[in-house]
Structures are given as structure tokens and as C-alpha cells.
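Here is a short tour of a structure, going from its domains down to a few backbone details. Keep the 3D view open and follow along.

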Amino acid sequence: MESSLDRIGRPWGGRTPYGRHEPWPTRVDTYLEDGVGPDSVQRWVQAASILHSDGDAMDIAVVDGRMVGVRGRSVDRVNRGRLGPKDLFGWQANASPDRLTGPLVRRGGKLVASDWDTAMDLVVNRSRELLDGRGPGSVGFYTSGQLFLEEYYTLAVLAKAGIGTNHLDGNTRLCTATAAEALKESFGCDGQPGSYDDIDHADVIALFGHNIAETQPVQWMRMLDRLEGADPPRLVCVDPRPTRVARAAAVHLAPRVGTNVALLNALLHEVIRTDRVDHDYVEAHTVGFEELAARVEDCTPEWAARICDVPAARIEEAAELLGTADRLLSTVLQGVYQSHQATAAAVQVNNLHLIRGMLGRPGAGVLQMNGQPTAQNTRECGADGDLPGFRNWQNDAHVADLASVWNVEPGTIPHYGPPTHAMQMFRYAEQGSIRMLWISGTNPAVSLPELARIRSILAQERLFVVVQDLFMTETTALADVVLPAATWGEKTGTFTNADRTVHLSDKAVEPPGGARSDLDIFLDYAARMDFRDKDGAPLIGWHDPESAFEAWKRCSAGRPCDYTGLTYDRLRGGSGVQWPCDEQAPDGTPRLYTEGINWAHPDVCEDYGKDLVTGAADSAVEYRSLNPDGKAMLKAAAYLPPHEEPDGTYPFQLTTGRTLYHFHTRTKTGRAPQLRAAAPDVWVEMAAADAGRLGFAEGDLVEVRTPRGALRGRLRITGLRPGVVFVPFHYGYWDTPSGTGPDEGTPPRAANETTVTDWDPASKQPLFKTAAAAVTLVRRGDGQVAPAPTTTASAPSVEGAARPTAGGPAAYAWQSAEAARTAREDAS
Amino acid sequence: MNGIALTLRALHHGEGRLARHFVTVAQRHRTEHEVHHVAGDLAAWSREHVRRLADTAAGRGLDLGGPSGTSDASDDGILATLRRKTAELTGHRPEPALLLLRDLRELHLDATENSLHWEMLAQAAQASRDSALLGLASACHPQTLRQMRWTNTMIKTLSPQALTSP
């Protein structure tokens, strides 16, 4: 049955209820620009979403060489035809009139139009100068979570074996580094254990710091459909905000920010105390149970209640659900990853599943989520600095194996220390030991913590900054060379979502003007630098996306992320496929660890592990003695208080985050009219009790201040945890009068003006959710309301306090659900 | 004074010194954010060791003196402010990277000395079947080893860049 819905006002669309263990019905969502009907579409070109990590498969509608809309792919395992609001409307940004169409170079302090030869010569000349004069350690690469697999792999090869630098990371450091680290700590190797299909089978779904309704809205549709079907799951939600998940949860815990480890230790304490432990599983597949049990022995719900400020009875209720679940699915995201003791907390979720034996079966799984669409590829291809294919830099055999794939000497590949993470790269640039930073597809001048510091680093005369992007951003404004990049829909490549599903995304239209794909830019650079292998042949022997994919397949062969069973042809037409996909698993692999733990043996593991509190590295010898047989490791961690706690001057806990309608720094979503209008400007969320005490009202202009800086936004009073203020991090300056940063005419509005420079010692992920702040009144709202959506966690606590978010006629999209079922409109 | 008392005294002194040293390094390297934050956490471990050593000693009629780990390196005071300001002023200079390596090396050596003393104490506790003392050493010594692993890891990670930059 077909219907048309305002997908801004009803972001999750209509329901297609289904029962436990049943297949999720299809529902095809379509949005075409005004005046275009399905019959006038000339071509539908296969792609998948790059505005979140869900991997929603879609087809791009093309008329006369122009994108005119999108349609979900019903054959795909991930979304069965559904699209979220960003999928439906985000594509329009591709055709924005302010796309970069030619390179820019800095002349006399100003960026001026240039051409590719001039720009690339500048980059190459500076690279050579630095390599000759200061060595490979003077060059760093900071990339994205939104390029394609082929691009990351090429970048990793040219950085590690071409330049020979250890300074390579992605902005995945801000989003998914803790997921990777937690998996390495528990399972010896990266690789998502679970599958989205587990949502169909679980009877309890626990979401730890994961606002899935806004971060992966299509999987939330799946949970909503199960909640309305037979034998629905019960949800456990840990989140300080009143998210849609929290409202649907059987148990919602809103702990004090920065206390996840205390809460999780208490949950583990209860599961062990009530002996809901699968002792056979623990015996067969894990090491470290005694130490874990001893560590959490004193972590009673009453103890945690004092630290987390949630009632002990609620913790017991949550533990009861987790402990009695028949099939438990847990998901984890930024409420854990960007908070204090990130890795330690994420690992405790793995521990919960390991001691309950809840792994590798339908419905029993862990999803350590990603934030970004291609973050998984940043990790597996080594663009986050790790060795490609989850190889262990401390294992000489792994380095030698990689060296043979690349036909270079092992010594060519830097492996004398851990890769340099993003924050450390900026520190080296600040100190002057990194002199060239090549930034691709990311906007650190808005997305990194403590922006005044980041701007001052990027603005240094001695630092040569290359930025590759679609638009002028706050970061390109500080660049010496700006390279215009082609994006999704304008280039072909593959990428992999948070549950290991590999999708092909084909080129639908030509990029604007002289913009080039990131792959072409990297290949051009490698050719100009004349990087060679040990026999004098070109180091990078591929020339287009498909040949790059084939090269990556050789690198992935025999590794956990084995792609050798995939080809572009195989990925074209049908559904995405979950890796590993090889001869043994030609149809892909729904779940890892179905028959025990297979990548943790000392000889095969990706990492020997770290101290979860200090980040100190364990050695091969220590790993071998702890885990000689390659089992899963139950790693315990003690709770530590956050580094910055509220005091008299800064009485609030400040946490930052996202909203459903935007992605990152809005370079795309801010240029899609429906998305822009849904959440047009920054706001500040505060609990009703706090606002009442301070005499603040909805719409008041307030200033949030920390020792680093301040921002201004209108106040939204919500059901947030008292004592916490929340600011969305999407808003920078590209659409303000200044264009680049705060000044006399542009008040500060980026959340990261205020955030603290601190990171998890194990995963090196910056902590955006643990700072102390003061909030003061700037000006009364006088009837104005905060520009915050009402459909999401930012809904006002008093109904009617703000006009309901709606998209109007421009936001109507078609949905057609499976014939046998009736699509009911979302009750919201 | 017997050997156990001497070792307790040496450890009490050594852990207090290490706690102060961690706090000093945390302040001096404020612009090395990981060092700043983790060194602060590790100072707390040594302060806890000082407290437990003093309690154990007191139970044996041995007075180890005041809370030496918490005195002159607190987070305020002129010296601390001076260290913070210096860190901020030299944030864009390369020299602090070398100073940091020196500081990490000294922290490592201080922690190593403590580790050896914990080893001695544990051996003496076993020889004298002193389970309370063995419990103390077993609880604290692993944290000392973790302090050493951290300084070693940081030195390994930071040396290549600090020592090869012209």
C-alpha cells in the first residue's frame, strides 16, 4: 500500500509490524524532486547512504545527467527499502551552487583560484622538501570516515610505504576508535561480532549511550516495527537524555555523565551475584573471569547508585532484564565512546555478553557501532593508522606479510610504535615537528575539541595545510592548498557499514567543474611523487576504483576482513554482503564468533592489548601468558572519577551530540533545504528543574562557558537529566557572517569552542561528553523558541512549548509497504 | 628498626615522592594532554599507596610521618601556577618534547625503585608469614608496575618524533 508522508515531521515513517524471528517486511521509500515522477526518471543508479553508518542501500534517480531523487533498495538486507530523512533529502547538497570546482592556492595570504598542475606541484614540492630536510615524520595525513574503501587503501599505502610516515589517522578517531579498541581488547582483533538481523531475534535489546533513533534511524524503524509486532523485545536504555529510545524502553537509566564504568560494573556484579553466568561458555571461550568477578564484587547497585545518581532499584531491574534475556543484543555508541573511560566501559559490554554466552547466535550479539558511513573501511584499510587487514604492527610476521603484498622491505613500513592518533598529530603540528598536514574529507576546525587551539595550530605559517573537500569550510579557510573533491554519486567505490555489510556505490552524475574523486587525487599525488616498490615498479599499480578494489582484496586475503569473494559485479544489482566473504563463506558471514573465538591467538591477534585505565601497551610476552590459546579476554576496569567535574564556577556537566537531521558539520545536510529548516541553528538543552531554579525560559539566549571558551544558543527545556546541559555539535561558521570562526559580528556557536582536550588513553578517542560548564543568560527569548526539533531527544518537556517540527509539502516522500501489510502512520 | 620497617619507610618516602613527581609532570606538561590527565590519575594511585603504607605502619607502632604524597605539589600555589603558565607559553616550541622524555624517564626510574621495594616487602612478608603485609604488597605492587608500563609506553611512543625532528 502506498502513502505519502512528511518525513521531517515523521522521520521514521509508517510502521510495518513484525513478530519475533520473522523477516522484516520491506517498505520502499522514495523521494523525487518536485515535478519529477517515477516515469520520467531516466536511470536509477545503485548507491548506499553516506550520511551515517547504517549503510542504507538506495538508488539515485537521474534525469539528463542530474540527480533528481532517491529510492530505497528493497532487495538489500540492511534497510529493505527504507530511507531515513538524511538519505531522502541529503543528496540535494551535491548540486549546491557553492561546490568547489577548481583548486585554490594561497598567494599573498589569500586563497586564489588555480589549476590542478599548480596545486599538485605545490603539494609535491613541499612533500619532497620536507622528506629531504626533516624526514617522513614531518608529514601527516588526517582523513575521514566518508571516503570509499578504495581511497582509504590507496592513502594508507602511499602514506605508510610511499612517504613512510606513522602519522595517519581518520576522523573516525572521534567516532569509532573506541569500538575498534574495545573489540581488540576483548577479542584480540577488530571486527563487528553481531548483525543487524539480531534485531529480528532478540528478546532484550540494550542500548548503551546509543541514540539509535537519530544516529541510525532505519534500524530504529526496525526496532519500532518489532515493538509493534508479536512478542516484542524489551529495551534497556542508558542515556542522560530523553531520547525516543529512552521513551520506548522498559528500563531507562540516566546516569551522571562520565560514570559508565561504575554502572556497567554494577550490572556485571548483579549478573554474577545472581549467577546468570553461562559457565560452560566462560570456561570454553574466555580467560579472566576470576579477575572480573573480583573486580566487580564490591560494585553493588547501591555503590553505583551513589556514583551514577540513578536509583539502585533501576540498576537491579536493568540487570534482571540483561541477566534473564534469552537472546540479548547490545549496542554501544558515543555516549560510551566519547565519554570518560570510553574503552573500559565499552569492554564491559563485551564482558556482559561473554559471561552470558550471548554471542554468535541469532539475536545474541554485540554491535560496537560506528558513527560514520565508511568508518569501518578507515579501520580495515589502515587509514586510521593501523596496519591494513587488521595486521599487528608489533608482530614481525604480520609486517613481513604486508610488505610482501606491497612488494617493499618490511623496514619501509613504519612499525616501531603505535600509529600517531589525530590529537597527537595536531600536538606535533603545534610543536612544529609536523610541517605538512593533508586533511581529506573532514572539518577539524569545527569537529575537534577546543577550537581556539585547533584554529591556532592550522593557522601557523610554518604548517603547510592541504585540504580536500566539497565546499569551502572553516578548515579550508586555513589551508594553503584547497583541492575540490567529487563525492558520493559522482564517483564509484565500495564501503562497509557497521554490521560489516559491503555496498557498491556507483557514479550517477559527473562531478561539478574540475572536482576530482579522492582516489584520483591520491593516485595523481602518488604518480607525481613517483613512489616505487623494492623492484622499482610503481608502488601503487592500480588506476581506477575497480582495480583498487582488486588490490585491496589481495591485501585482505586470509585476514578477518576477507573480501576475496566479492567483486563489483557481485555487489551490483542485489543486496550488500557481510564480510568475511571468501571461498569458505561465498555468501558472506552474518555473525562472527559462531564457533568460538578465532582471531585472538597470540600469532594472529591484531593487538596485544592495553591497560584500560592508562593506555599502557601490553607486550607479546604478556599477551601470550595471559591468553595462550586465543580465547576472548574478560578485562576488568575500576571506575575513576572524570577529569573535569562541576564546581562552584562551572556547575553543569556539558555533553555534546548530534541531531537526527544533521551530519557532522552540516557541510551537506545544511545545504539540503528540508534538513536545514528542521534544525537551522544551535541550541542549548537544559532540564526543567535547572531552568526553573535559574529563572530561564524556553527560547532565552544563553551562554555556555567553560575554561576553554563559550558559545551562545537559545534554550530548550527538556526532560534531560538535571545538572547536565547538552549542545549539538553540528553548527560552525560557514553559514555565518564571518564564515570561519567567531568574531565581533559572529557570536561563537560551535560546541567545540567549549570542549576539553582529553582523550581515552586506550582508544585515543577525544572525550566530547565530559566537561564542566557555566550557563548564563544573555537575553530573554521574548516569545522566540529554540531552533531545536521537537520530534527527537530535544523535544520540549512541556508539550506545545514549541511548534511541532514539520517539513511541509517539500518533505513529502512516498512509502510503499509490502502488499500483505498495512502501513500505519507513526503514532508520534 | 628492622628490615621490614626500613622497607616500609623507604616505600612510604618513595611513593610520596612519586606522587609529587607525577603531579609536577602533569602541571609542567599541561599542553601534552594525555600526560597531563593520566599523570594526575597515576599520582592518585601513589597517594593511595602512601596512605595504606602509613596505616599498616601505624598498626605496628611505626610512625612514618605526615601525608608526604599530598603536601607541596598540590594543584594550586605559585609553583604550580608557574608550571602551568610555562607549559602554555612554550606550547608551540619543540623543546618541551625533550623535557617530557626526561621527565618520563625519571618517573619510570622512581617507579622502578618503588617496584623493587614492593618486591622486597612481599618477599619479607612471605618469609615472615605476614599475611597483612603480603596483602598490602599484592594490592599495591601491580599498580606500580602499571605506572612503569605507562611511562615506558609513552617514551616508546613519543621518542621517534621528539628525537628525530631537526
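## Domains

Chain A of this predicted model is assigned four stretches of domain structure, some of them built from separate segments of the chain. Domain 1 covers 2–95 + 810–817, and domain 2 covers 104–174 + 374–502 + 512–578. Domain 3 takes in 177–369 + 610–633, while domain 4 is 652–797.

Let us look at one pair. Between domain 2 of chain A and domain 3 of chain A, the C-alpha centres are 33 Å apart. Their contact draws on 11 residues from domain 2 of chain A and 12 residues from domain 3 of chain A.

## A seven-stranded open sheet

Next comes an open sheet of chain A with seven strands, which follow the order β7-β6-β18-β17-β16-β8-β9 in mixed pairing. The edges are held by β7 (110–113) and β9 (168–170) of chain A; each has a single partner strand, so one side of each has no neighbour in the sheet. On average, and ignoring direction, neighbouring strands of this sheet are turned by 20° against each other.

Strand β8 (residues 139–143) of chain A runs parallel to β9(A), and three bridges join the two. Here A:Y142 is found opposite A:D169 in β9(A).

## The annotated region and strand β5

For residues 42–98 of chain A, an unreviewed UniProt entry gives the feature "domain: 4Fe-4S Mo/W bis-MGD-type". In the model, this stretch of chain A is 9% helix and 35% strand, with its end C-alpha atoms 26 Å apart.

Is it enclosed or open to the outside? Five of its seven residues are buried, so strand β5 of chain A is largely enclosed by the rest of the structure. Strand β2 (residues 27–32) of chain A pairs with β5(A) in the antiparallel sense over three bridges, and A:T30 stands opposite A:R71 in β5(A). Strand β4 (residues 57–63) of chain A is also antiparallel to β5(A), with six bridges between them; A:V62 has A:M67 as its bridge partner in β5(A). Two residues lie between the strands in the hairpin of β4(A) and β5(A), and there A:D64 takes a positive phi near 50°.

## Backbone details worth a look

Most residues other than glycine have a negative phi, and most peptide bonds are trans.

A:H21, not a glycine, has a positive phi of about 70°. A:H21 sits in the loop between β1 (2–6) and β2 of chain A, and counts as exposed because 12 other C-beta atoms lie within 10 Å. A:R666 is not a glycine either, and has a positive phi of about 65°. Its loop lies between β23 (652–657) and α25 (673–678) of chain A. Is A:R666 buried or exposed? A:R666 is buried, since 24 other C-beta atoms lie within 10 Å.

Finally, which kind of peptide bond joins A:W579 and A:P580? The bond is cis, with omega about -5°. A:P580 belongs to the loop between β21 (577–578) and α24 (620–626) of chain A.

Notes:
Residues numbered from 1 in each chain as written. Chains lettered and ligands numbered in written order. Predicted model: local features only at pLDDT ≥ 70, side-chain atom pairs only at ≥ 80, totals over all residues. Domains from an automatic or database assignment. Contact = placed C-beta atoms within 7 Å. Pairing = 2+ DSSP bridges. Helix = DSSP H or I, 4+ residues; strand = E, 2+ residues; numbered from the N terminus. Axes fitted to C-alpha atoms, helices over the stretch in contact; angles between N-to-C directions. UniProt positions renumbered as here; feature names shortened; annotations may be inferred. Buried ≥ 20, exposed ≤ 12 C-beta atoms within 10 Å, placed from the backbone.
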